[in-house]
Amino acid sequence: MLSQAFIVALVVFLTVGGQELLGFTMLGRPIVIGPLLGLLLGDIQTGLIVGASLETIFMGVVNIGGASSAEPGLATALATAFAIQMNAGVEVVIPIAVPLGIIGLQIKTLIYVGLVGPFVTKFDQFAAEGNEKAIAKLHFGLWFTQWFLYSLIPFFAILFGSEATRQVLEKIPEVFVHGLSIAGNLLPAVGMAMLLKILWDNKLFVYFLLGFVLLAYLNVPLIAIAVLATIIAVVTVGRDLDLKKIQDNISTNVPTHHTVSDDVELDNFFN
């Protein structure tokens, strides 16, 4: 149990903390953390399922400034570890991940405000002095301390909380477990709906419809649909680039002044 708690804490530290340090925003996503933890804990299939399921839920979640909702990295790490340790169904742990993500974000914010906030004036002082080395040392020191404290959450949660969670799940009546299963199956649809709300365009509706028909009615594998979508994207981009070249050529060849003729179509062409 100790080794598993250390592995989960290390993954959270390197992925969630690493994305803040390196700017690799996808490093702390469920689709990365789930399979990675599954590989390290000896059950990559569960890791892939949990990671992919939670990615669909948190895909439309973007935390910007004060507009924040959940921290998917911690939620994925704990949900994956609990699913593997307790041999629980993925549909049971997925609904638990959402409140874990909300709590995790609040703790993350508290650590950031309480730890990093008081040193803002120190950064200003070093900047005024032109002391770049001191700024770098303080920056990396605060980063390490912040994410070390944050990684203690999954460490102690796995070390002491997994058995308690197992006992609680065993006492839950079957009807409630079935309800959690239904909720877990619905949550990915909610995540996709949040994403589509941001990306929706009436011109792109036909592509969403095509993907739905291929999957639901023709039983085409997801990988094949992804390849088909890539082909459509490449063809569309190529067409748009060709149209842009044509428009650029027309704009460079059109005379700046021309007389108005009786040919309406010709005038519209030059205008």
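Reply: Start with Thr76, which lies in helix 4. Helices (H or I, at least four residues) are DSSP runs, numbered from the N terminus. This is a predicted model: local features need pLDDT of at least 70, side-chain atom pairs count only at pLDDT 80 or more, and totals for chains, interfaces and linings use all residues. Residues are numbered from 1 along each chain as its sequence is written, and side-chain values use heavy atoms, with hydrogens and water left out.

Me: Why is Thr76 called buried?

Reply: Buried means under 20% relative accessible area (1.4 Å probe, protein chains only). Thr76 has 0%, so the label buried applies.

Me: What does Thr76 touch, not counting residues up to four places away in sequence?

Reply: Thr76 touches Pro30, Ile33, Gly34 and Leu54. Contact means heavy atoms within 4.5 Å.

Me: Which residues of helix 2 are buried?

Reply: They are Pro30, Ile33, Gly34, Pro35, Leu37, Gly38 and Leu41. Their cover includes helix 1 (2-22), helix 3 (44-58) and helix 4 (72-86).

Me: How many helices and strands does the protein chain have?

Reply: The protein chain has 11 helices and 0 strands. Strands (E, at least two residues) are also DSSP runs. Of the 271 residues in the protein chain, 32% are buried.

Key: Buried means under 20% relative accessible area, exposed over 50%, partly exposed in between (1.4 Å probe, protein chains only).
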